[in-house]
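My notes follow in the order in which I looked.

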2 protein chains.
Amino acid sequence: MSGGLSRRGLLGGGLAAGGVALAAGGYAAARLGEDAAAGGGEPASYPFRGQRQAGIVTAAQDRLHFAAFDVVTDDRDELVELLRLWTDAAERMVQGQSAGPVGAVNGAQNLPPDDTGEALDLPPSRLTLTIGFGPGLFEHPELGDRFGLSDRRPEALADLPHFPADVLDPARSGGDLCVQACADDPQVAVHAVRNLARIGFGTVSVRWSQLGFGRTSTTTTSQSTPRNLFGFKDGTMNVRAEETAALDEHVWVGADDDAAGGWLAGGSYLVARRIAMTIEVWDRQQLGEQEQSIGRFKGSGGPLSGGAEDAQPDFDLQGSDGPIMPVDSHVAVVHPDRFGGARMLRRGYNFVDGSTDVGGLDAGLFFIAFVRDPRTHFIPLQTEMARNDRLMEYLRFTSSALFAVPPGVREGEFVGQALFA
Amino acid sequence: MSGGLSRRGLLGGGLAAGGVALAAGGYAAARLGEDAAAGGGEPASYPFRGQRQAGIVTAAQDRLHFAAFDVVTDDRDELVELLRLWTDAAERMVQGQSAGPVGAVNGAQNLPPDDTGEALDLPPSRLTLTIGFGPGLFEHPELGDRFGLSDRRPEALADLPHFPADVLDPARSGGDLCVQACADDPQVAVHAVRNLARIGFGTVSVRWSQLGFGRTSTTTTSQSTPRNLFGFKDGTMNVRAEETAALDEHVWVGADDDAAGGWLAGGSYLVARRIAMTIEVWDRQQLGEQEQSIGRFKGSGGPLSGGAEDAQPDFDLQGSDGPIMPVDSHVAVVHPDRFGGARMLRRGYNFVDGSTDVGGLDAGLFFIAFVRDPRTHFIPLQTEMARNDRLMEYLRFTSSALFAVPPGVREGEFVGQALFA
């Protein structure tokens with residue numbers, strides 16, 4: 001808690017010696033228990049400032065609220081001021097404090113509160129807030145170069161191409177800014193996004209947002225592999241926090257990667273894709289067809305060619321009908337060996353957004369990946385997948401966005417400050 | 001676990017001695033910790049069978065997946081068979097088992113699995129499944145009395161009237177059947193609804209569904225009062241599990257309440273209303289206006305007339321401008337004293353369903369209440385609220401439904417069996 005005031009401490013008006021330990025009542029105590037249990041030795045909160053932004057290699061929390069924003073001003077100073085205010089609020093909220101210094105309940109009666117209050121009794125819940133910049137901040141298709149940033153745009157930061165089988169909803173694609181809020185408690189993630197939107201009123205407006213649950217990947221070796229809504233383990237091949245060399249090779253933007261994008265060195269690119277699954281069609285497929293589509297056994301998660309979950313698939317192993325690993329199975333189509341060894345750090349979530357018009361669940365996987373360069377680490381894979389992956393029969397891509405995620409925020413700086421230097 | 005096979009036990013093919021304790025790996029262990037912590041002494045699972053259906057007085061879990069179904073057959077036997085299958089699957093899933101006896105991974109390669117698999121590694125997570133019958137099961141507006149049940153319809157089970165300020169979406173209102181799935185883990189709640197939908201393919205189709213988080217009420221005295229997305233404590237006046245006399249008076253249908261509805265004795269009525277909040281408008285209101293609208297202090301939750309959260313409001317206490325408790329405050333307008341003492345057992349959840357067209361969050365409260373009779377315990381309150389409540393300025397009712405919830409399911413019976421006797 002960094003010795004600061006907790007939301008609860010502010011509520012009582014007193015100093016929060018010990019921070020979250022002050023949270024009183026059975027409910028908060030239960031949440032604290034959850035907090036202590038859910039991360040397998042992870043701390044109760046993560047600082048906003050550091051060498052990297054939190055929420056990338058951070059042990060994947062279980063809940064997501066992702067929001068993309070349109071910047072509705074053309075005033076560079078207003079944009080910078082927003083990033084200052086967001087930095088300040090983010091630093092406070094990830095520590096379990098209110099978004100503003102006064103809080104939801106201690107302000108003047110004739111002013112709106114500087115926090116919305118729904119997280120008052122809740123612990124930090126391992127909230128991370130990861131902020132990214134979309135292509136439209138540099139060169140907007142309609143509004144042009146509003147902020148004098150076009151010569152700072154990295155070449156890799158361009159709208160993703162249209163892929164075969166994309167059925168994108170423009171209203172929930174793209175965006176000038178993004179906030180990825182991850183936490184153990186959805187109410188804490190929602191509270192954070194909502195307060196950043198509130199703070200940004202008049203400067204930004206929410207373009208689209210997405211809730212998710214049940215992390216579909218592991219970002220550290222201490223986490224086991226969860227299952228996506230196909231019922232299969234997902235993210236087995238993920239780059240993990242402990243693989244520092246692989247992170248440098250596949251996730252973090254290098255200092256020499258792009259002259260214009262020098263401000264992005266040490267950061268990453270965030271690819272977001274909303275993947276709707278035809279759940280009801282999938283559920284009526286034979287177990288064999290499901291496993292052939294993925295290329296893994298549903299139970300163990302091991303490749304069909306044999307071995308445990310982490311075994312390398314043997315694409316040469318022959319069965320009576322050809323390769324044991326079908327050439328159009330998901331594992332075969334997107335295997336790193338086919339793309340010069342390119343790997344990703346995936347950090348997606350399952351979602352259910354109510355129902356479809358035809359009596360099914362509007363459900364799927366909100367794919368998030370962090371990569372060093374989308375041109376080498378995402379676009380080729382997605383193209384291959386869209387063309388050749390047997391799994392595509394059960395997928396529809398309905399949203400797509402790309403953001404540059406600046407490196408971590410040092411003391412006294414605001415997020416992305418180097419871009420405006 | 002009732003000595004049965006856990007999902008995990010089935011996966012390994014062995015007997016699950018100890019049930020959830022078999023769940024292996026850091027992820028499942030973390031979920032187990034969460035499970036143990038989240039309920040304040042509640043058991044790790046609740047049986048499906050009992051005197052009452054679980055999910056009403058059960059200590060409110062933190063996550064919801066609510067689904068309303070259309071029955072798409074006119075064959076009474078098919079409907080009865082569905083209720084049998086649902087009973088069997090529900091009994092298994094609340095114990096942390098697969099929806100079907102074979103499970104997601106142990107079936108024949110040439111058959112679809114009888115469980116979808118995404119909850120394979122997860123504990124029971126205190127899942128409850130509460131099943132209700134809508135008016136259309138008895139007398140459908142278009143399909144008539146398909147099942148020969150019209151003379152068994154309780155008078156109280158009729159579509160709710162149109163209330164002032166209702167802007168209902170017909171596509172997410174009503175329904176012939178409902179399933180309220182509550183759990184500590186959204187993936188477990190989603191898995192249950194999805195598998196009931198899968199089992200019902202051809203007999204029912206999902207009409208609408210709603211996810212929720214952050215329970216907005218307390219159903220036992222051991223829970224403290226949570227906050228809704230207005231940032232205020234919600235459900236302070238709720239009927240709780242320990243108030244057995246109040247439950248008999250306000251929640252459980254009496255044996256003599258309705259001759260046609262004798263099968264419903266010991267059950268209840270479930271009112272569901274999706275209440276969209278104009279979050280961004282609310283967030284720009286002064287703290288004083290917010291507290292005057294609710295009639296409570298935002299911090300403590302106590303009434304503006306003084307006292308702690310559980311203090312009775314003093315509507316006669318005068319300030320310089322009239323009553324301290326504004327006559328149009330939410331607390332004043334819906335106070336039980338104005339409705340013959342009628343109280344409800346509320347069990348709603350917060351929701352965020354992405355974004356609105358105008359750059360805001362599509363967020364609010366999914367209201368669920370269990371009442372003995374909606375004609376005395378809901379309709380008068382909702383009418384008054386819609387007409388006179390200052391809070392209405394910040395609310396839009398977008399969905400509405402009413403279901404009769406049969407009593408608990410005894411050994412050897414299926415849910416609602418008395419209706420078909």
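**Salt bridges, a patch and a helix**

I began with D283(B), which counts as buried because its relative accessibility is 8%, where buried means under 20% relative accessible area, exposed over 50% and partly exposed in between, with a 1.4 Å probe and protein chains only. I note that this is a predicted model, in which local features need pLDDT of at least 70, side-chain atom pairs count only at pLDDT 80 or more, and totals for chains, interfaces and linings use all residues. Residues are numbered from 1 along each chain as its sequence is written, chains are lettered from A and ligands numbered from 1 in the order in which they are written, and side-chain values use heavy atoms, with hydrogens and water left out.

I then looked up the partner of D283(B) and found a salt bridge with R194(A), the closest N and O atoms being 2.7 Å apart; the term stands for a side-chain nitrogen of Lys or Arg within 4 Å of a carboxyl oxygen of Asp or Glu. This pair crosses between chains, from helix 4 (residues 186–199) of chain A to helix 6 (residues 279–283) of chain B, helices being DSSP runs of H or I with at least four residues and strands runs of E with at least two, numbered from the N terminus. R194(A) is also buried, at 3% relative accessibility.

In chain A, E91(A) and R49(A) meet in one of 3.1 Å, N to O; E91(A) lies in helix 3 and R49(A) in the loop between helix 2 (25–38) and strand 1, so the pair ties together parts 42 residues apart in sequence. E91(A) is partly exposed at 21%, whereas R49(A) is buried at 18%. I also noted that R49(A), E91(A) and E411(A) are linked in a network of salt bridges.

E411(B) sits in the segment after strand 11 (395–405), and R49(B), 362 residues apart from it, in the loop between helix 2 (25–38) and strand 1 (63–71). I have E411(B) as exposed at 66% and R49(B) as buried at 17%.

Last, I turned to helix 10 (residues 379–388) of chain A, whose buried residues are L381(A), Q382(A), T383(A), E384(A), M385(A) and A386(A). They pack against strand 5 (268–277), helix 8 (330–333), helix 9 (374–377) and strand 11 (395–405) of chain A, contact meaning heavy atoms within 4.5 Å.
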